[in-house]
Amino acid sequence: MKYTRLLDNTFELSLILKGIDGVLELVGAVLLVALPPSTISSVARFVTEHELSRDSRDWVSRHIVSLAHHLASGTNWFGFAYLLSHGVVKLVLVVALLRHRLWAYPWMMGFIGIFTLYQVYRLGYSFSIGLFVLTLFDLFIIWLTWLEYRKAHGSGAAA
């Protein structure tokens with residue numbers, strides 16, 4: 001009984017985290033097209049300069065600067081479309097799962113599964129600890145969603 005409740009709580013927490021991630025992706029999409037590339041680079045430098053002055057090898061700060069530089073290189077429309085679509089789909093699925101909509105479980109597993117495959121592909125040619133942890137988290141969410149789907153499917157949850 002405690003084990004089941006722990007899994008339920010973990011599933012809900014993981015959905016909330018994915019929902020927050022979806023909101024951040026939507027905000028990122030808007031900022032990506034609303035801000036000029038030079039502003040994105042300036043903000044990244046401002047946010048990271050203190051930490052980088054203390055430790056020039058700071059992993060998070062270096063990745064923020066690198067991401068800002070990449071975004072400033074002109075790939076904004078692709079980034080916008082990616083973040084917008086990913087954020088919207090994620091939010092729709094998270095809300096549906098929190099409302100126990102049976103149709104959303106397979107869609108969530110498929111959606112996260114496709115992006116997990118892409119992440120594994122990316123890891124194959126450019127390993128990153130952050131992407132590796134995200135991939136493990138996504139695999140964990142797929143597993144939790146599968147467990148919850150089996151439970152919901154057996155109980156006749158709302159379609």
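Guide: Phenylalanine 111 and phenylalanine 115 sit four residues apart in helix α5, so about one helical turn separates them. Bear in mind, as we go, that this is a predicted model. The rings of phenylalanine 111 and phenylalanine 115 form an edge-to-face aromatic pair, with 5.0 Å from centre to centre and 65° between the planes. Phenylalanine 111 has a relative accessible area of 13%, and because buried means under 20%, phenylalanine 111 counts as buried.

Searching the whole structure turns up nine aromatic pairs. One of them joins tyrosine 105 and tyrosine 149 in a tilted arrangement, 5.8 Å centre to centre with 40° between the planes. Tyrosine 105 belongs to helix α5 (residues 104–125) and tyrosine 149 to helix α6 (residues 129–155), so this pair ties together parts that lie 44 residues apart in sequence. Both partners are shielded: tyrosine 105 is buried at 1% relative accessibility, and tyrosine 149 is buried at 17%.

These two tyrosines also belong to a cluster, in which ring pairs link Tyr105 and Tyr149 with Phe11 and Trp146. Phe11 brings us to helix α1, where Phe11 is among the buried residues, along with others including Leu7, Leu15 and Leu32.

Conventions. Residues numbered from 1 in each chain as written. Predicted model: local features only at pLDDT ≥ 70, side-chain atom pairs only at ≥ 80, totals over all residues. Heavy atoms only, no water. Buried < 20%, exposed > 50% of the residue type's maximum accessible area, 1.4 Å probe, protein only. Helix = DSSP H or I, 4+ residues; strand = E, 2+ residues; numbered from the N terminus. Phe/Tyr/Trp six-rings, centres within 6.5 Å; stacked < 30°, edge-to-face > 60°.
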